[in-house]
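Hi there,

Here is the structure I promised to pass on. Have a look at it first, and then read on for what turned up.

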Amino acid sequence: MRILFIGDIFGSPGRSIVKHRLPSLVKDQRIDLIIANGENSAGGFGITPAIVEDLFELGIDVITTGNHVWDKRELIEYFENEADNPHSPARRVLRPANFPPGMPGWGLFQGTKRNTPYAVINLQGRIFMGSNDDPFRIADELLKQVQAKIILVDFHAEATSEKMAFGWYLDGRVTLVVGTHTHVPTADERVLPGGTAYITDVGMTGPYESVIGVKKETVVAKFLSNMPARFEPASGDVRLCAVVVDCDDSSGHARSIERVMLC
Ligand SMILES: [Fe+2]
Ligand SMILES: [Fe+2]
């Protein structure tokens with residue numbers, strides 16, 4: 001199976017480049033399964049059920065999120081309203097599994113694509129992030145529930161050390177550990193010795209003439225003044241950042257991971 005993982009989609013510029021570049025990318029790379037982090041897809045902050053539908057319409061199979069998941073109240077209601085329907089599209093929108101117990105939503109999705117079972121896990125780091133449960137031990141618990149060999153993990157975290165340690169911790173047990181959240185792509189993609197594809201951060205899909213997606217003037221002014229500021233998405237230099245992972249269906253081990261950056 002060939003898997004495409006798209007980094008944090010930021011605002012309408014990010015959604016627009018996905019819409020325009022995804023069809024040819026899927027064709028050229030012979031992609032079977034598409035996962036995207038959508039935590040910033042609604043104006044940079046959160047995601048709405050309408051945007052979820054739009055992204056699924058483009059061919060994305062599963063959407064992951066992170067610390068911005070609750071920014072739009074509609075998403076909380078969406079999770080709550082669909083809680084009893086295991087076939088709802090809402091089930092294919094994940095929030096970090098190590099959030100406090102009892103929160104709305106799910107951190108694990110198990111599905112089938114082209115007759116091949118797969119699982120997606122979303123977890124969040126603890127260094128320079130909100131306080132969550134231990135992502136390492138929660139990952140162990142979740143993996144006990146998964147039958148599929150192909151397992152994709154979005155580790156939404158800030159610190160490179162925590163992300164690398166997490167990649168090594170899961171090496172040989174999952175197909176992919178992809179870092180998200182910093183919005184800055186790293187050049188360290190590789191297949192670890194146990195067969196897990198890894199990258200510290202896949203990067204943002206959105207405007208790069210910005211400070212991690214936000215209008216640069218606003219963020220510079222905030223650093224200078226420390227006054228509250230209204231953050232709005234930037235619009236210049238829009239790029240799509242992703243990784244393509246090729247894996248063996250029977251073992252779930254990755255054969256290759258390739259970084260993609262489209263303008
Ligand atoms: Fe993000
Ligand atoms: Fe984030």
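This is a predicted model: local features need pLDDT of at least 70, side-chain atom pairs count only at pLDDT 80 or more; totals for chains, interfaces and linings use all residues.

Now to the iron ion (ligand 1). Its donors are Asp8 (OD), Glu39 (OE), Asn40 (OD1) and His183 (NE2), at 2.1 to 2.2 Å. The angles these four donor atoms subtend run from 87 to 160 degrees, so the arrangement is irregular. Along the sequence, the donor residues follow the spacing D-x30-E-N-x142-H. The site also joins distant parts of the chain: aspartate 8 sits in the loop between strand 1 (2–6) and helix 1 (11–28), while histidine 183, 175 residues apart from it, sits in the loop between strand 7 (176–180) and strand 8 (190–191).

Are these two residues buried or exposed? Aspartate 8 counts as buried because its relative accessibility is 0%, and histidine 183 is buried too, at 5%.

As for the whole protein chain, it has six helices and 12 strands. Its radius of gyration is 17 Å, close to the 18 Å from the globule rule for 263 residues, so the chain is as compact as a globular protein of that length. Buried residues make up 57% of the 263.

Best wishes

Key:
Residues are numbered from 1 along each chain as its sequence is written. Chains are lettered from A and ligands numbered from 1 in the order in which they are written. Side-chain values use heavy atoms; hydrogens and water are left out. Donors are N, O and S atoms within 2.8 Å of the metal (3.2 Å for Na, K and Ca); water is not among the atoms, so sites may look incomplete. Four donors count as tetrahedral if all angles lie between 85 and 135 degrees; four count as square planar and six as octahedral if opposite donors are over 155 degrees apart and all others between 65 and 115; anything else is irregular. Helices (H or I, at least four residues) and strands (E, at least two) are DSSP runs, numbered from the N terminus. Buried means under 20% relative accessible area, exposed over 50%, partly exposed in between (1.4 Å probe, protein chains only). The radius of gyration is taken over C-alpha atoms; the globule rule is 2.2 Å times the number of residues to the power 0.38.
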